[in-house]
Every structure is written in structure tokens, then in C-alpha cells.
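Me: I'd like to learn how to read a feature like an interface. Can you walk me through this one?

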Amino acid sequence: MDIVDRRLNPRGKSLANRQRFLRRARRHIQDAVRDAARGRGVADVAEGENISIPMDDLREPSFHHAGEGGVRDHVLPGNKQFVKGDKVPRPPSGGGGGGSQGSPDGGGEDEFRFVLSKDEFLDIFLEDLELPDLAKKAVKQTEFPAYARAGYSVTGSPASLSLVRTLRHSLSRRQALRRPSLSELEDLEARLAEAKAGDDAELVISLEAEHAKLLARRKRIPFIDPYDLRYKRFEPVPKPIAQAVMFCLMDVSGSMTESMKDLAKRFFMLLHLFLTRRYKHVEVVFIRHTHEAQEVDEQTFFYSTETGGTVVSTALEEMKRVIAKRYPPGSWNIYAAQASDGDNSSDDNGRAVTLLDQVLLPLSQYFAYIEVGSEDKDWTAPDTELWNAYKVLRKPGANMAMRKVRRRADIFPVFRDLFSRDRQAA
Amino acid sequence: MNIPALTPATMRATPEMLVSGPDWDFDRLRRVHDAIEKIAVGQFGLDVYANQIEVITAEQMLDAYSSIGMPLMYKHWSFGKQFAQNEVMYRKGYRGLAYEIVINSSPCISYVMEENSMAMQTLVIAHAAFGHNHFFKNNQLFRQWTDADSILGYLDFAKSYIAKCEERHGHKAVERVLDAAHALMSHGVHRYPRKRLLDLRQEEKRERERQQYQESIYNDIWRTVPGMADAPLPPDEAARRKTRLRLPEENLLYFLEKVAPRLQPWQREILRIVRHLAQYFYPQQQTKVMNEGCATFVHYKTVEQLYDSGQLSEGAMLEILDSHTAVVRQLDFDHPHYSGINPYWLGFGMMSDIMRIATEPTDEDRAWFPAIAGNGDPWGTLRNVWRDYRDESFVLQFLSPHLMRKMKLFRLHDDADERELTVNAIHDERGYREVREALARSYDVGLQEPDIQIVDVDLAGDRRLVLHHRQRAGIPLEAEDARRVLRHIANLWGYPVRLVEVDAGNDRVTREYEDIEPRDPFV
């Protein structure tokens, strides 16, 4: 009989099967992920998710009997009052009279529930946005503490054994304990042979005694002792941790439709994701505005509507106020994303641009403006006033990007600016 | 008042006490295994493959679940789907994990979970490593259809072969073949050993014998009896074609593998792999009740012995009994959670009953089971039963009136044309045989699986493949799934496929499916 301990076998044996399964259900999973992302907070986009998808492509058909029709006999246990000849009303649905023959996993076949891990969720979420692989890698980069060489230690893994150090220690120990060296031994043996040839019995005896002593001493004092071992030591070096704050500015006046808000939300999610991968600590500030602006929580930000005109500069003022109050630029990296449908009252444009140019852009790492529109909007329509106003800020090297977004897939190009090495104004 | 002195478990602990606390270690597992072996082989006379017990974690158990319990398996999305399903059920606590999985191989591999307590490990070793193991090694179905020595080697080959195919032909192509093969898995087994084609010499010999026989029975008087003018049968093209293709054929995978005109060699090999797997699992489907019954009965009797000889503490025994009763629990048919007859319950009940009949029979038992009643050799009787029967014949032969009364079995007749169901037999003198027969039939895979055969191929014309479903008792196929499977067949075959449902009683066609054209066939 053998007992084998398999607990330490590599895990994730069925990972390959799972990948095949996800690939198979890709389309449905994408839909499910899209729905899930809509229902999520900006900051928790990167969690795992319990999703359910329709069984369509996942059905494994086989020839089997239908549940109804024909003549069947069922044998059942636990008879209480029946005698031969009793009639029993047919149970209401399916089951063919076999009592309750409901499928053991309850719900039935049309929905399939399972859990996506965080990475899988993110993968599909990002794929939907059509991020190129490079960007994905940057976003998904997990933070490993860097290891740096830090001297030597007496313990460690064989792979990090330092031979030079170990032998140096061995050498000094051998010298200190006067371990006979190989040349000493050979020398003695030569003399012994000479003595034997010279027939000097006394000398031979004394030399032999000495020879035995040397051998014993060599044996007692090993060439390498565990005491000599030295390993290269590595120390985890914490990466510099910075903190960032992300401002989400959005026009919530009546002209912004739900789908526009959804586009904006996706952009905010992506930005947040990016920042959390770059910075250890990210705070999010939501500022909504109509003709006046206020800082709100996320729920209010996305889901409540306000009425009123549209004055963009109020939001910028509010942002400036919050920065001054809570986020000194010396210790915070400031990112801002503004979403709007491009409406602004015309006398405000100048103020907004000045505010951005003079105050906010110098303070921020990056300022992104996305103009959301509905998919069917006419592409040839003239640029909006706000767009025209902001255009003057687009100059090479400026830390500002602006984009028009109609579809989800448009969101990424804004991001490319953010990821590109030498940031060019879009 | 006389209060019996209670002996704490620790005081009962003697040096031979094997199982007392919850913790287990490898040394104790080994000793328990040896103690059980002494009982199972020495006293019960079981004959087992060498055991290999593997300790795994819960996660690995989930892994094993999703590869149909085999230690190695090729990759396919359906296993991933199963894993996802099991994982959700397990994480939410809807379902516990099995305590063990046992594989019909030589050596016999049993997986035990590290979370099990020592008492559970004892139970599991007795159950899997001896009960199931004995059954695998001795039952005639397993002996006839599976080769325990080579299954792991074969799986290894299958896994690497399919991986290689994926590398060479791409995931998608391989996945499609596997999907199609899996859909036909239930109709990819040989139910009987196949007839060998005769070679020329044998045919000659047979012809000679036939002539000799004719001569020996020749009697001139028959010539004078007026009869029908015997018209020679016209050589039937269709009949010849069928003989040449060896139709009808019920092993669909086999037929497609051998005959499908457009498949690549590697695609045939994949069909073959899936077919071999189906064949390997075929005996297990037919012996669920017996296999589990055998294992449960063996573990029950073994721990009884262990306890009686003081090797098992009371606490451990209670724990074992607790899970034993959970395993053999049977709900009544009107219970909201009733989900069919529990094979553990039926198997264990019947085997205990056989032991009772062999040792202390009643007059009724003597009348019903003259061959075994009171023969005084319960283990010998059981060993024979385990060797020679499958579920269907086992129930038909050994379900006793005593047990039917105890289980209160009754038969419900369900005719789709009637408004109500009829109770047409119960556990009484008039009904025993009927109930027993009906129960036995419900374990006959031949009746549970639809009878589907390939009956014709129009080789000269459009190469359409014709399948018949021979309906028993008017039970139709589930149409939507049938169409999906037909699509898979059409893809493998490369030409249209038609399914016809035929009443097995009178050969009348009851339903014709439309021709299914291959969509994007394999080439």
C-alpha cells in the first residue's frame, strides 16, 4: 500500500479548462461584465464578480428521452395509503409523475452562474474598451516589492549561495584550526616513502604516526563546514509610494442623457483603475455642476438629475477650492477628468479657459476633457462652444487631452495620450 | 439506584486503539489501512488491487470533480464549466464535497481529503480502498469492459495527443471535434462484444457443416408436401450495402470513426479516444447501486468489527455512524426534496438483506430464495453477487418481499394519454414481482438510454445518413437537444443526416425529423 501526499502538487490544474470555458462563453460574459460594470462604483471596478450568463453556447446536448409522453412506470419508496388501483392526479408540471424530479441544481438550465476572478473580470472589462495589450499591461501591473542585494546571511536558499564568501570563511577556519593542507600531506608521504626505502625503522614509525595524525586531523576538520556557508541576502525595497487624487467633473444638466453619463462613467472608471495601479492611495472627488457646482457622493453624481443652466467655470472653481482646502499639490498628484456634452453659456467660456490655463493646469498632472455625444449624433455638426474654447489650450507638451466620445471604443484614445511617453496634446 | 459506571473514552484507549482523536497522520493512516485489510481480506474474503491512497486538498477535490474524477484528463471547456458550477455550489455552501473519489485502476487510487477527521479517513479507506476496489476487481462487467492496468497510461496518451492536436490544428478545430464526440458519448459504447467477420476458411467450414446437417435431416417425404413456389429473393442492393457497412449500428461514434468519409486521421483518433472513455465508464453506469452498496456494506461491517475489537473509540464510531446514516438516507416520494431512489440506500439495504437471508431466513425467504436462504455463508453469497450481477439483474434477482415491505415500494403507472396516474402495484403479495420488475427495468441502461441506430447510408446518391430511434412505450426524444446532436453528427459525417422515430413494437414511423445539413463540416 502506498500513501501519497498530493497536497503540495501544483494548484490550478483545471485552469486550462477554465480558460477554454471563458473563451467559449466570451460573448455572454462580455455582456454580463458590461452590465456589472454599469452597476458598480468607480472605485470598485477591479473586484471579482458573480455573474450569470445564458446557457446558449454552453449546452452539452445528447440524445435523451423527453420528459413527457409515452407510457412509463415509476417505482417510488414510502407508500403511505395507496393500494392497487388508486388514481393519483398528475403533478402539475413536468416530472412525468415521479413526484418532484426537479433538476438537482435547482434553477434549471437557462442561466448559468459562476464567479469571475478579479483578473478575469478586468481582462474582459478592458477588452471591451479595446485597449491595446501594452496599455493593458500597464493598467494591470501588480505591484511587487523590489528586492535588492543587501549583504550576506548565514541562511538562505541553495540558489543564492555565495561561493566566494563561503570559501573565504572556510579558508580562514581551516587556517585558524590548522587543518593540514594537501601539500603538507603529500610532503610527508614523500618523506615516508624515502624513509621506507632508506630502511630507517625508527623514522618510519614516527613518520607513520605523524601521517596518521595528519589524516585524522584532516578528517576532524572538514573542508567546508555548515558554519562557513554564506548566502547572498536580498531585502525587499519598498517602492516610493505616492498618493493621487482624481477629480471627476461632470455636467449634470438636463441635456446629458443616461447613455452619455454611462460613457463618462466608463472613462472615470478607467482613469481610476489606471491611477490605482500607479499610486498606492487614490482619492476620488466628484463634482457635478449645472449653473452652480457642488461636491457630491458617487451615487448622487451619477444617478440624480438637476435642472438649471450650464456654467462650466463653477465646477472648475469648486475644484480649485477643494484643492486649496484638502489636497496641497506638493503632496498630491492631481488628475482631473471632465465630462460634458459641450454646452456652456457663452459668456462663461472665457472664464473657464482662463481658470484652467492659469490655475488648474499648472496644478494638475493631467487634465482630460471628454465630450460625450450619442452614437447617432451627426459627425459633421460644428464643434461645440466649449470645445472651441478649450481648443486654444491644446498645445504641444500641455498636460491636457480632449476627445469626443460617441461609443465605448472611443474612450481609449484619450488614454493613449496618458500612456504615451512624450505626452502630446491631442 | 444502580448507575452503571461510565468509562471515559480515554480510559478505554488501549495500545491497540487506532482511532480516537480527530487528527490523523500518515503513520496512523497506514496502521488503519493494515487493520482494515486484515478484516476485509482475512475475514470477509475480499480480493482487491493494491491500494494507493492519495491525500488532497479541497481545491484539488474540486479539480478532480471537473475531470470526471480522473487524475489526468485532456482539456475541454466543459470541464471548466463543471468546475465553475461546482465551485459556486461549494463556496456558497449548498453542497459539500465528497469525502473520497476512487478510480478503477491498478493500483487502485483513492483520493481522500485532508480535511477529513481520522474517523472519516477510516470510513473512507474501508469504503473506497476495499469496498469499491473489490467491486472493480471482481465484477464481471468491469472485467469484461475495462482494463484497470492500462487506463492511466491511456489517459496520459489521450491528454498529450489532444494537446498536440491543439498545437497543430488550433484550439477551435479540436474543440469542435470534442464537442461533437461528447454529444455522442452516450451512444459510443459497444453493448455486446462484436461479432468477428468470418475469414474464408471458417466460412467454408460453416458451409460444409450446414450441408452435412441438411443431408442428415433430409427426408424425401418433404418433397411431396405442397408448398409455396419459392421465388428466389432478388439480390437486394440495399441489403448488400447494409451488410457491407455492418448496419444497423448502434455505436454511433464507432461508425463515424470508421466510416465517415471526410474526417482527417487525427479527428478519427479523437473520436476513438472519447469512445474508449465512454466504454470505460459504461460498467459504472450499470452498477451504481451495486458498487455503492458493496462499498457501503463493506465499510459498515468493517467499522463494526473495528469497534467491537476495541480499535475504534466511541466518539469516532458515533461520527462514522452519523455520516453513514446521512449517506444511506432515503426520503419518501412525497418529501419536497425527494430526488429519486438513493443507490446507497437500495444497495446497502439489499446487501444487508442478503446477509439476513443467508443466516436467519424466514419461511418466506426460503420460498423466494431457495438457493441462498440459510446457506450460512453470507460473505460467500455476497461475493458471488458482486461478481456476477449488474444493477438490473441484481434487483430482479435479490430484492426480497421483506425489503419491499420495509421500503414501502409501489409502482406508479404514467400513461401520457390518461388524465391521472394509476397505482398499479404495491408491496403486497400480488405486487411484489411487478414492483420488482419495474424497479429492475429502471436500472437497465439499455432501456434508459434511447435506442438509436444508424440504419442506412445512401452511398450511391447524396450520402445521406439515416438514423432510427426505436421508441419504447411511445416515449419520444427530447426534440431540441436531438437536433443539436444531429447537427454534430452531420458535421462529422459531412453530408445530410435524417432521424426517424419508429415505434419499436410495430415499426410504424411516428415522427420524422427534417434533414439536418452539415454546417461548416469537418474536412
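**Reading the interface**

Reply: The size of an interface is often given as the accessible area lost when the parts come together. Here, chain B and chain A bury about 7,400 Å² between them, with 55% of it on carbon and sulfur atoms; buried area is the accessible area (1.4 Å probe) that two parts lose on being put together, summed over both. One caution: this is a predicted model, where local features need pLDDT of at least 70 and side-chain atom pairs count only at pLDDT 80 or more, while totals for chains, interfaces and linings use all residues. Residues are numbered from 1 along each chain as its sequence is written, chains are lettered from A and ligands numbered from 1 in the order in which they are written, and side-chain values use heavy atoms, leaving out hydrogens and water.

Me: How many residues of chain B are in contact with chain A?

Reply: Contact means heavy atoms within 4.5 Å. By that rule, 101 residues of chain B touch 64 residues of chain A.

Me: And how many salt bridges does the rule find across the interface?

Reply: A salt bridge is a side-chain nitrogen of Lys or Arg within 4 Å of a carboxyl oxygen of Asp or Glu. The rule finds 11 between chain B and chain A. One of the salt bridges joins A:Arg6 to B:Glu54, with the closest N and O atoms 2.6 Å apart.

Me: Which strands of the two chains pair?

Reply: Strands (E, at least two residues) are DSSP runs, numbered from the N terminus, and two of them pair if DSSP finds at least two bridges between them. Strand β1 (residues 2–5) of chain A runs parallel to strand β1 (residues 51–56) of chain B, over four bridges.
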